[in-house]
Amino acid sequence: MAPPLLTCGLYLFGTTLLLPGTILLLPTGPPGCEVTAIVFLIAACTTLTIAALIDLAEAGSQVPRPPMLVPVCMVLGGVFFLAGAVLYWPAWAGGSLAGSSWTVARFGTWVFRTGTCAYLVGSFACVPALVAGTTQPKPTNARESARYGLGGIASYIVGAMLYFAGGVLSECGMGPTGAWLWVIGSGWFVLGAFLLLLSAGVPPTKLDEERPLLGAEAHGAIGS
C-alpha cells in the first residue's frame with residue numbers, strides 16, 4: 001500500500017516541472033529552447049501518470065473497492081497530457097497530420113484538452129465527499145484534512161480551466177495569451193498539489209477512526 005505522502009509528493013514534483021516547461025514556451029522566452037521545454041513537459045506528465053497509476057492500483061486492491069471514477073480520470077488525464085507533450089516535440093510538431101490541414105501540434109492541443117476534461121471530471125467528483133468532510137459537527141483532523149483537500153481540488157479545477165482556455169485561445173490566433181494562461185494554470189496546479197500534500201500529512205484522530213467512512217472520504221477522495 002503506497003503511503004499517501006508518496007503519491008502526493010509525486011503530484012507536487014510533477015506539477016512543479018510543468019512550470020519551467022510552460023515558461024520556456026512563452027513568446028518572450030529564450031530562443032531555441034523548445035526541446036528543453038518539451039522535455040520538462042514530458043517529465044512532468046510522466047511523473048503525474050505514475051502517481052495516478054499508483055493511486056489506481058491502490059484503489060483497486062482495497063476491500064470493499066471504492067468508487068473508481070476519480071483514479072481512472074486522473075490516469076486518463078496524465079496519459080493524455082503525456083501524449084500531448086510528445087506530439088509537441090519540435091521534430092514533428094509542425095508536420096501535417098495524415099495529409100490533413102491539421103498540424104501534429106494542433107492535434108496535440110486537442111489531446112491536452114481531452115486530458116484537461118478528464119482532470120476536471122475527476123476533480124469535480126472529489127468535491128461532494130470533501131465538502132462533507134469539512135462540515136463535521138466536531139473539529140477533527142479529518143475535517144482539517146478535508147479543508148486542505150478541498151482547497152487543493154479547487155486549485156486543480158482552476159488550473160485545468162486555465163489550460164483549457166489557453167488551448168482555445170491558441171487556436172483562435174491568440175497564442176501568446178494562451179501561453180500565459182498555461183503558465184498561470186501550472187502555478188495553480190502546483191498550489192493544488194501542495195495543499196493535497198498538506199491534506200495527506202494530517203494524521204487521523206481517534207474520533208476519525210470511529211467514523212471510518214467519513215475519514216476515508218476525506219482522505220481517499222483526493223487520490224491519496
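User: What makes the contact between Arg106 and Glu171 a salt bridge?
Analyst: The distance does, in this predicted model. The closest N and O atoms of Arg106 and Glu171 are 2.7 Å apart. The cut-off is 4 Å between a side-chain nitrogen of Lys or Arg and a carboxyl oxygen of Asp or Glu. The pair therefore meets the rule, with its N and O atoms 2.7 Å apart.

User: Why can this pair be said to tie parts of the chain together?
Analyst: Arg106 lies in helix H5, residues 104–134, and Glu171 lies in helix H6, so the bridge ties together parts that are 65 residues apart in sequence.

User: What makes Arg113 and Glu171 a salt bridge?
Analyst: The N to O distance between their side chains is 3.1 Å. The limit is 4 Å, so this pair counts too. The pair links distant parts of the chain, with Arg113 in helix H5 and Glu171 in helix H6, 58 residues apart.

User: How many salt bridges does the rule give, and which residues are linked in a network?
Analyst: The count is two. Arg106, Arg113 and Glu171 are linked in a network of salt bridges.

User: Is Arg113 called buried or exposed, and why?
Analyst: Buried. Its relative accessibility is 8%. Buried means under 20%, so Arg113 falls in that class.

User: What class do Arg106 and Glu171 fall in, and why?
Analyst: Arg106 has a relative accessible area of 35%. Glu171 has 30%. Buried is under 20% and exposed is over 50%, so values in between are called partly exposed. Arg106 is therefore partly exposed, and so is Glu171.

User: Why is Gly78 placed in its accessibility class?
Analyst: Its relative accessible area is 0%. The limit for buried is under 20%, so Gly78 is buried. Gly78 sits in helix H3, residues 69–87.

User: What does Gly78 touch beyond its sequence neighbours?
Analyst: Leaving out residues up to four places away in sequence, Gly78 touches Cys45, Thr49 and Tyr119. A contact needs heavy atoms within 4.5 Å. For Ala44, there is a C-alpha distance: 9.3 Å from Gly78, across 34 residues along the chain.

User: Which residues make the nonpolar surface patch, and what area does it have?
Analyst: Tyr148, Val158, Ile184, Trp188, Leu191, Phe194 and Leu198 make it, with an area of about 550 Å². Helix H6 (141–171) and helix H7 (175–200) each supply at least two of its residues. H7 gives the most, with five.

User: What do the chain totals say about burial, contacts and surface?
Analyst: Of the 224 residues, 46% count as buried. Among contacts with a separation of 6 or more, 71% join residues 24 or more positions apart. The chain exposes about 10400 Å², and carbon and sulfur atoms supply 75% of that area.

User: How many cavities are there, and what volume does the largest have?
Analyst: A search of the whole structure finds three cavities of 30 Å³ or more. A cavity is space where a 1.4 Å probe fits but cannot get out.

User: Which residues line the largest cavity?
Analyst: Tyr11, Thr15, Leu18, Leu48, Tyr119, Ser123, Tyr156 and Phe189 line it. Helix H1 (4–24) and H5 each supply at least two residues of this lining. H1 gives the most, with three.

User: What lines the second largest pocket?
Analyst: Its lining has 23 residues, and Leu25, Tyr88, Thr109, Ser170 and Ala179 lie nearest its centre. Two or more lining residues come from each of H1, helix H2 (34–61), helix H4 (90–93), H5, H6 and H7. The volume of this pocket is about 520 Å³.

How values were computed. Residues numbered from 1 in each chain as written. Predicted model: local features only at pLDDT ≥ 70, side-chain atom pairs only at ≥ 80, totals over all residues. Heavy atoms only, no water. Patch = residues over 30% accessible without salt bridge, like charges linked within 9 Å, V, L, I, M, F, W, Y side chains within 5 Å. Areas by Shrake-Rupley, 256 points an atom, 1.4 Å probe, with all protein chains shown as cover. Helix = DSSP H or I, 4+ residues; strand = E, 2+ residues; numbered from the N terminus. Buried < 20%, exposed > 50% of the residue type's maximum accessible area, 1.4 Å probe, protein only. 1 Å grid on protein atoms, 1.4 Å probe; cavity = no way out; pocket = protein on both sides within 12 Å on 5 of 7 lines; lining within 4 Å. Points joined across faces, edges and corners; volume = space filled by probe spheres on them.
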